[in-house]
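This report goes through one protein chain, from its overall make-up to selected side-chain pairs. The sequence and structure come first.

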Amino acid sequence: MGGASASTADDPAIAKPRPSGAATTAEGSRRVGRPRRGGGVRAAFRRAASRSWLRQLAVLALFEAAGIAATWPRATFLVDGTLPATTDVASYVWGFWWVAHQLTHLGNPFTTAYMSAPVGTPLGFSTLMPLVGWVMAPVTIAYGPSASLTLVAIVTPGLLCYAMYRAARLWLNAPGALTAGAFFGLSSMVLWQNWYHINIALGTIFLPVTIEAAVRFRRKAGWRPAVALGLALGASVLVNQESALLALGLAIMILLPWLVAKLFRDTASLPRLGTRLALGAVIALAVASPELIAMAQQVAAGSATVPPGALALNYTQYGVPLPTLFAPSPRLAYFGLGGLASAYSFNDLTQLREAVPTFGATLTGLALLGLVAGWRRRSTWCFGALWLCGAVLALGTSVTIGSRCHFNQLVPGNEWGRSCRQYTPLLTHMHWTRVTPPHGKPYWAEVQMSNLMPYTWLVRIGWLSGLREADRFAIAGLVGAALLAGRTVQWLCRRRATIPLIAIVVALGALESGWSGVGGATMPTVMPSVDQPLTQDHSSSIVVDVPFGERGGVSEIGSDIAPASLLIATHDGHRRAISYTSWVANPMKLQIEAHPFYWNLISVEGGGTPSHGQLRRARTDLRKLHVGWVVEWRGTWVRHHPGERFAHVNSYLRKVGFRFVRVACMVRAKDFGTCPRKPVNDQVWLYQYHQYRSRRGGRHGLQMRYCCCVDARTATPSPSPWAEDLAWATSARAGASSDWAGASSDWAGMTSDWAGMTSDWAKASSAPAGASCEVNRRQARSAPEARQPSTTALVPSALTLISGSTGEMPRNSLVTAAANPGALPMPPPRTIRPGSTTVMIAQMALATSRASAATIATARSSPASAAAKTSLADAARRPACRAARTIAIAEPAASSAPRFRASWPTTLPDPVVMGKNAISPATPCTPLCS
């Protein structure tokens with residue numbers, strides 16, 4: 001846009017300066033010659049319309065209404081309390097919360113310890129949007145960060161249209177400027193970003209604002225346009241750095257040719273122009289200084305470097321196929337025109353989550369007509385040049401023609417497909433990247449690019465290498481295309497015969513404008529069933545979300561994180577071990593991987609099995625991390641096989657000391673209702689980690705639930721001295737490393753210290769006489785039946801000598817269900833050899849179950865008689881205490897997967913009743929287990 005308007009002679013729509021002090025306009029003559037009338041509605045409306053600020057307000061209101069209609073039902077999210085279910089949206093909500101939190105605490109918002117805890121991560125190059133967060137801080141504090149994000153997304157389309165309208169008025173009449181504003185602010189390309197990448201949509205506002213300020217400074221080099229230009233550039237840095245670079249490039253394109261011409265034609269004015277431009281630069285630096293300082297600190301700390309191979313691979317992935325840029329918008333499918341919308345193709349289906357880089361068929365046709373209609377004006381060719389530059393840069397590192405293109409995973413930079421053709425003239429290779437084939441060993445390969453493409457050379461400039469997504473340059477081209485479309489409408493307005501054609505233009509443009517989400521996937525902004533236990537915990541402990549990962553644009557580790565994980569973090573205030581930023585800084589990545597607990601968790605998510613030494617180091621590391629909770633999002637898949645996606649993770653968590661707490665649902669609920677077994681994706685499992693220090697030397701481990709003895713006659717609780725220290729030690733003392741070889745075959749599949757447990761059993765056998773132990777009776781159908789010593793099926797096949805995984809044999813559950821409906825079966829023992837202690841316990845339980853068949857039959861026919869016999873047995877041999885001691889030891893040793901209720905005709909797990917064996921006293925009493 002360099003030579004676009006040294007003067008206004010080429011555009012009659014712009015009023016030329018007139019002598020001051022004379023009312024020469026027709027409107028002024030009418031006002032002078034016409035006597036003032038009295039009041040009335042028409043007169044009031046005429047007076048209001050003559051005021052410029054009211055006209056501008058009316059235009060803004062019109063654009064806001066159009067923006068709400070084009071993004072419907074986004075405005076309803078403010079009432080429904082929902083958000084698009086993407087990780088990007090959750091990160092923006094977290095950003096609003098973090099900026100408001102630091103503003104109220106007078107802290108630095110550009111670094112945080114609330115992600116990647118306990119390491120922390122810098123946010124200088126992140127999508128934090130501090131300026132928007134500061135402006136919306138009152139709304140965030142009063143109504144929450146989700147309300148702030150939704151409100152910003154509602155008003156952004158109207159602001160985009162109005163900013164483009166103001167810039168277009170420099171060259172076009174009112175109908176042409178309105179058309180340009182609508183095609184720019186309501187395009188599917190920009191409104192898709194408004195749905196899922198709000199920082200890009202907000203940063204795009206500064207492109208037409210920068211154009212208006214630069215052109216006004218060029219026409220009249222005063223102080224006001226210089227200040228406006230500086231404010232626009234500085235504010236864009238505080239919103240989106242990519243948009244700031246585009247805005248700076250537009251300002252240079254507009255001002256540099258003009259300054260060069262001044263150098264030869266009007267040298268005397270250069271000092272004055274330089275002074276005012278310097279003022280604008282100082283203002284821009286002052287406004288952007290918080291972000292610039294944070295970026296400089298991140299660079300100095302070495303946290304701004306990104307692996308060049310990962311960046312180079314991104315350069316090739318986000319180039320737009322040539323036909324896609326000018327294809328009909330996929331928005332047409334929303335109106336039932338799927339055949340036309342199918343012409344749009346942006347690589348594979350996964351790219352639909354990144355952008356919709358198409359100008360649309362209507363805008364493309366109007367832009368071409370605008371070139372023809374205004375070919376005599378220099379500004380028209382400047383608009384065309386901007387459109388062309390943006391389109392060429394959006395192509396990326398090669399020219400791709402066709403549809404249904406897929407990335408070649410074995411040859412970086414190459415695309416393939418039956419209808420896809422890729423051309424890489426002047427082929428070159430940039431950097432090496434790691435390739436992981438489906439079968440075989442990973443290897444390093446060079447990334448293919450074309451030296452003929454401008455984007456290939458642009459990203460080789462050091463401070464522009466971060467522009468890793470070529471498709472976003474199409475937004476800059478959209479500015480030129482919208483101005484050309486406005487030029488076409490201006491030409492149609494000059495002839496009475498062509499004015500009706502404007503209605504056709506509006507109708508066609510409305511079909512390809514707007515965006516209403518992809519698939520309608522949403523998530524609630526408040527999840528009390530998941531977040532209430534964390535909110536009630538004020539220990540400031542770290543919460544680990546599973547799947548676990550440090551995610552961003554490049555240099556990622558771990559698995560994809562759940563979208564709602566950062567969303568609930570704004571409610572409970574806990575630090576999160578996960579992160580989601582623009583990229584994962586190398587120092588932070590190395591520090592996270594240095595923690596054995598995190599490193600093993602990443603390995604387990606990939607299907608690995610840690611050794612005993614790795615588990616021991618993970619336990620030691622876990623005690624130092626201050627991790628309190630694990631939130632397992634069942635709807636987000638970890639990296640290994642879907643059939644085993646969480647089995648390895650659950651086993652690992654129990655082995656390092658986490659205890660299953662409950663299952664919750666990703667739905668809005670007032671209480672903790674049982675989550676439906678189907679679909680499993682609605683389930684969230686919570687694990688809690690406990691540490692204790694015993695009286696015998698300070699062993700750390702998983703804190704067990706113990707029972708208090710209750711006198712059966714007086715029902716008065718008294719503390720049990722033998723049950724206080726009944727716990728398992730997950731870390732052996734010094735010199736006990738030899739016990740780890742056999743510790744992996746314990747009853748519940750957890751690593752334990754058998755030597756310490758033997759002493760606990762001996763201590764537990766000295767229970768005081770005259771007392772019966774209270775146990776959990778949650779699953780008992782009736783007291784006499786549940787009082788029996790065994791709840792396993794009365795058949796030998798219910799217990800196995802050797803089983804693959806404790807509690808994971810559905811056939812045993814079915815046998816038990818057929819033999820004894822209503823009982824919760826004892827899980828099959830997990831053993832290494834037939835002579836182990838576990839097998840002996842299993843044989844004892846089997847013998848007891850065979851001998852108690854008659855007792856069970858009698859109990860079912862006469863509960864009262866069974867209760868009397870049970871009371872007599874309590875007074876004689878205390879079987880209840882023995883059964884309670886067995887349960888107290890077995891409950892923390894829950895199997896690696898939830899057990900099965902015998903009466904269920906399905907094999908789906910029920911984590912709520914995990915580890916609860918149905919053995920309880922006949923006499924009802926108040927549960928005192930904690």
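## Salt bridges

A salt bridge is counted here when a side-chain nitrogen of Lys or Arg lies within 4 Å of a carboxyl oxygen of Asp or Glu. Side chains of opposite charge can pair when their charged atoms come close. The model is predicted, and side-chain atom pairs count only at pLDDT 80 or more. By this rule the count comes to 11 salt bridges.

Arg576 and Asp545 form one of these pairs, with an N to O distance of 3.3 Å. Arg576 is in strand β14 (residues 575-576) and Asp545 is in strand β11 (residues 542-546), so the pair ties together parts that are 31 residues apart in sequence. Are these two side chains buried or exposed? Arg576 is buried, at a relative accessible area of 0%. Asp545 also counts as buried, because its relative accessibility is 1% and the cut-off for buried is under 20%.

Another salt bridge joins Arg166 to Glu212, where the closest N and O atoms are 3.0 Å apart. Arg166 belongs to helix α8 (residues 145-168) and Glu212 to helix α12 (residues 206-219), so this pair ties together parts that are 46 residues apart in sequence.

The two partners fall into separate accessibility classes. Arg166 is partly exposed, with a relative accessible area of 31%, whereas Glu212 counts as buried at 10% relative accessibility.

Arg472 pairs with Glu469 in a salt bridge whose closest N and O atoms are 3.2 Å apart. Both Arg472 and Glu469 are buried.

Arg468 can also be placed relative to a residue elsewhere in the chain. The C-alpha atoms of Ala310 and Arg468 are 9.8 Å apart in space, while the two residues are 158 positions apart in sequence. Ala310 lies in helix α16 (residues 308-317) and is partly exposed, with a relative accessible area of 23%.

## Packing of α19 and α22

How do helices α19 and α22 pack, and at what angle? Helix α19 (residues 361-373) meets helix α22 (residues 474-493) at about 65°, and their axes are 7 Å apart. The crossing of α19 past α22 is left-handed. On the α19 side, the contact is made by Leu363, Leu366, Ala367, Leu369, Gly370, Leu371 and Ala373. On the α22 side, the contributing residues are Leu478, Ala481, Ala482, Leu484, Ala485, Arg487, Thr488 and Trp491.

## Surface patch

Leu248, Ile252, Leu256, Val260, Leu263, Phe264, Ile461 and Trp463 make a nonpolar surface patch of about 820 Å². One of these residues, Leu256, is found in helix α14 (residues 241-265). Leu256 is partly exposed, with a relative accessible area of 47%.

## Whole-chain figures

The chain contains 37 helices and 21 strands. It has 930 residues, of which 53% count as buried. Its accessible surface comes to about 40600 Å², and carbon and sulfur atoms account for 62% of that area.

Among contacts in the chain with a separation of 6 or more, 76% are between residues 24 or more positions apart. The pairs Arg576 with Asp545 and Arg166 with Glu212 are examples of side chains that meet across such separations, at 31 residues and 46 residues respectively.

Methods: Residues numbered from 1 in each chain as written. Predicted model: local features only at pLDDT ≥ 70, side-chain atom pairs only at ≥ 80, totals over all residues. Heavy atoms only, no water. Patch = residues over 30% accessible without salt bridge, like charges linked within 9 Å, V, L, I, M, F, W, Y side chains within 5 Å. Areas by Shrake-Rupley, 256 points an atom, 1.4 Å probe, with all protein chains shown as cover. Helix = DSSP H or I, 4+ residues; strand = E, 2+ residues; numbered from the N terminus. Buried < 20%, exposed > 50% of the residue type's maximum accessible area, 1.4 Å probe, protein only. Axes fitted to C-alpha atoms, helices over the stretch in contact; angles between N-to-C directions. Left-handed = near helix turned anticlockwise from the far one by under 90°. Contact = heavy atoms within 4.5 Å.
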